[in-house]
Amino acid sequence: VKLNIGVDIDGVMADADTIFRKYMKSMFKREFPRSKVKRFKYENCFEFTEYEFKALYSMFSDENVWMDMKPIKGAVDGLKHLSRKNKIIIATSRPHITKDVTGRWLKKYSFPYNEIHFTLDKKDLLPKNVNYTFDYFLEDHPDFAVKLANLGIKVILFSYPWNESVKRHPKITRVLSWQRVLDIIS
């Protein structure tokens, strides 16, 4: 049976948070500990001046930020394993301006996938806009995880401080590793 597996990039395939906080430390000359990232947006976790806030958002248009990200341990091999028998549909909230650099990053690490969708803040609309159903969705964003689960999709939620607020849900399973993802799907 071929499954349709939706996969987020940042926090699932790419260790985005580590790179974002590294760049923020370099730009603003202070620490941004992961333990304080209790919400999805950095501006809800740390104090920024108006100037810093603008600089923070300009960081997301720097191609080096995206290319410097490392894959999450087990992500490349995990997706290679899953892609042998299943359809891999990447769905990312990255801005459209990152389309080219995202493609280069996926190629750099040889990530297999069948489709990619840049959904911005409408990831939960993707299941309505494609002509197939998702059997699983791998996600780290708290709101998307709940919205997708409420659509009846089995969500595998990568556990992070920013999604601790997600309540128990019959369609959401928390994981700490890609090995656990493979155990669940197989």
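This tour moves through the structure stop by stop, saying what to select and what is found there.

The model is predicted, so local features are reported only where pLDDT is at least 70 and side-chain atom pairs only at pLDDT 80 or more, whereas totals for chains, interfaces and linings use all residues. Residues are numbered from 1 along each chain as its sequence is written, and side-chain values use heavy atoms, with hydrogens and water left out.

**The sheet**

Begin with the strands, which like the helices are DSSP runs numbered from the N terminus (helices are H or I with at least four residues, strands E with at least two). Colouring them brings out an open sheet of 6 strands in the order S3-S2-S1-S4-S5-S6, with parallel pairing; two strands count as paired if DSSP finds at least two bridges between them. Select next the edge strands, S3 (115–118) and S6 (172–175), each of which pairs on one side only. From one strand to the next the twist averages 20°, where axes are lines fitted to C-alpha atoms (for helices over the stretch in contact) and angles run from 0 to 180 degrees between N-to-C directions.

Now select S1 (residues 4–7) together with S4 (residues 136–139), which pair in the parallel sense over 3 bridges. Within this pairing, Ile5 has Tyr136 of S4 as its bridge partner.

**The aromatic pairs**

Across the whole structure there are 16 aromatic pairs. Rings of Phe, Tyr and Trp (its six-membered ring) pair if their centres lie within 6.5 Å, and planes under 30 degrees apart count as stacked, over 60 as edge-to-face and the rest as tilted. Select Phe20 and Trp66, an edge-to-face pair with 5.6 Å from centre to centre and 85° between the planes. Because Phe20 lies in helix H1 (residues 16–28) and Trp66 in helix H3 (residues 63–67), the pair ties together parts that are 46 residues apart in sequence. Phe20 is buried at 8% relative accessibility, and Trp66 is buried at 3%; buried means under 20% relative accessible area, exposed over 50%, and partly exposed in between (1.4 Å probe, protein chains only).

For a contrasting geometry, select Trp105 and Phe111, whose ring centres are 5.2 Å apart with planes at 25°, so this pair is stacked. Trp105 is buried at 0% relative accessibility and Phe111 is buried at 6%.

**Two loop residues**

Select Lys29, in the loop between H1 and H2, which has a positive phi of about 55° although it is not a glycine. Lys29 is exposed, with a relative accessible area of 69%. Then move to Ser110, in the loop between helix H5 (99–108) and S3, where phi is again positive, about 55°, in a residue that is not a glycine. Ser110 is partly exposed at 42% relative accessibility. Most residues other than glycine have a negative phi.
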